[in-house]
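Reader: Can you walk me through this one? I'd like to start with the packing and then go on to the charged pairs.

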Amino acid sequence: MRKTESATQRLCVFALAMAVSLAAPAQSWRTSSYSLNRIKSKVSSVAKQLKVNERKTVTIDALPRTVDEFKTLRETIGREPQGAVALTVVGIAMYSEFGQETGEACLDLCNDYLGLTGYMRSRLKEWYVSGTNDPRPYQAAAFMKGASPANGYNPTKPCTMTMTVAEKSTSSSGELVVFKLDYSGSQVSKWVKVTVKKGDDGFWRVHANPSMLMKVREAEQGTEYRGLW
């Protein structure tokens, strides 16, 4: 009889894969010797180093399957502005693959301090829940490199998200970065705007992403979406 892999074993394997595959600077965010103030300083310097029109890429070798695995990924990339954008894409994909409860729990972690809005929750149901306004299981894949309507929205592996720094600003409400995230789901635009904001805990979260909530155009007939896992 085939042995069932426990959630703890899977989380350990996932964490090991992330530690091996990611560069040393990203791993340093998890170093326990950093105080909160020191982390804040490093995160702020990361944003200051970004240049308008600079291209940023986030590649994820092992996509998470549980909320705990998502938290591990967040610890690795969530303290960089572009990481918050990528985490939102992954959270949307997890909603499709592992259900509403898992998907919303992950997205609550990376969408400002108020978490998901009621509007986004309704959009997620529209995209993914069977029988609700022609769902699109490949909604998240449209934000990944290599996916297109012509190939059924099957991205190249490992999953990669590419974006351009559009704006940077600092105000009384905090530090903001606006990205143009590459997108293949529209006939009009090749990108969508996503604004991220740095939190007091050092994590970046999506602050505004209205364009990201538009339904992706349908995959071409004769193609098959194979999923991300």
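**Helix packing and salt bridges**

Author: Helix 4 (residues 67-77) packs against helix 5 (residues 81-98) at an angle of about 165°, and their axes are 10 Å apart. Angles over 145 degrees count as roughly antiparallel, so helix 4 is roughly antiparallel to helix 5. This is a predicted model.

Reader: Which hand does the crossing of helix 4 and helix 5 have?

Author: The crossing of helix 4 and helix 5 is right-handed.

Reader: And which residues make the contact?

Author: From helix 4, Phe 70, Leu 73, Arg 74 and Ile 77. From helix 5, Gly 83, Ala 84, Ala 86, Leu 87, Val 90, Gly 91 and Met 94.

Reader: How does the contact of helix 4 with helix 5 divide by class?

Author: The contact of helix 4 with helix 5 has eight nonpolar residues, two polar and one charged.

Reader: What about helix 4 and helix 6, parallel or antiparallel?

Author: Their axes come within 10 Å and cross at roughly 25°. Angles under 35 degrees count as roughly parallel, and helix 4 and helix 6 are therefore roughly parallel to each other. The crossing of helix 4 and helix 6 is right-handed.

Reader: Which residues of helix 4 and helix 6 meet there?

Author: Val 67, Phe 70, Lys 71 and Arg 74 of helix 4 meet Thr 102, Ala 105, Cys 106 and Leu 109 of helix 6. By class, the contact of helix 4 with helix 6 has five nonpolar residues, one polar and two charged.

Reader: Moving on to helix 7. Which of its residues are buried?

Author: In helix 7, the buried residues are Met 120, Arg 123, Leu 124, Glu 126, Trp 127 and Tyr 128.

Reader: What do the buried residues of helix 7 pack against?

Author: They pack against helix 5 and helix 6. One of the buried residues of helix 7, Met 120, is also touched by Asn 209.

Reader: Where does Asn 209 lie?

Author: In the segment after strand 5 (204-208). Asn 209 has a relative accessible area of 8%, so it is buried. Leaving out residues up to four places away in sequence, Asn 209 touches Thr 88, Met 120, Lys 193 and Val 194.

Reader: Now the charges. How many salt bridges are there in the whole structure?

Author: Searching the whole structure gives seven salt bridges. One of them pairs Arg 55 with Asp 182, with the closest N and O atoms 2.8 Å apart. That pair links distant parts of the chain: Arg 55 is in strand 1 (residues 55-60) and Asp 182 is in strand 3 (residues 174-182), 127 residues apart.

Reader: Which residue forms a salt bridge with Lys 193?

Author: Glu 167 does, and the closest N and O atoms are 3.5 Å apart. The pair links distant parts of the chain, Glu 167 being in strand 2 (residues 159-171) and Lys 193 in strand 4 (residues 191-198), 26 residues apart. Glu 167 is partly exposed, with a relative accessible area of 40%, and Lys 193 is partly exposed at 34% relative accessibility. Lys 193 is also one of the residues touched by Asn 209.

Reader: Last, the overall layout. How many helices and strands are there in the protein chain?

Author: There are seven helices and five strands, and along the sequence they follow the pattern α-α-α-β-α-α-α-α-β-β-β-β. The protein chain has 229 residues, of which 48% count as buried. Among its contacts between residues at least 6 apart in sequence, 62% join residues at least 24 apart.

Definitions and conventions:
Residues are numbered from 1 along each chain as its sequence is written. This is a predicted model: local features need pLDDT of at least 70, side-chain atom pairs count only at pLDDT 80 or more; totals for chains, interfaces and linings use all residues. Side-chain values use heavy atoms; hydrogens and water are left out. A salt bridge is a side-chain nitrogen of Lys or Arg within 4 Å of a carboxyl oxygen of Asp or Glu. Helices (H or I, at least four residues) and strands (E, at least two) are DSSP runs, numbered from the N terminus. Buried means under 20% relative accessible area, exposed over 50%, partly exposed in between (1.4 Å probe, protein chains only). Axes are lines fitted to C-alpha atoms, for helices over the stretch in contact, and angles run from 0 to 180 degrees between N-to-C directions. Angles under 35 degrees count as roughly parallel, over 145 as roughly antiparallel, 65 to 115 as roughly perpendicular and the rest as oblique. A crossing is left-handed if the near helix is turned anticlockwise from the far one by less than a right angle, and right-handed if clockwise. Contact means heavy atoms within 4.5 Å. Ala, Val, Leu, Ile, Met, Phe, Trp, Tyr, Cys and Pro count as nonpolar, Asp, Glu, Lys and Arg as charged, and the others, Gly among them, as polar.
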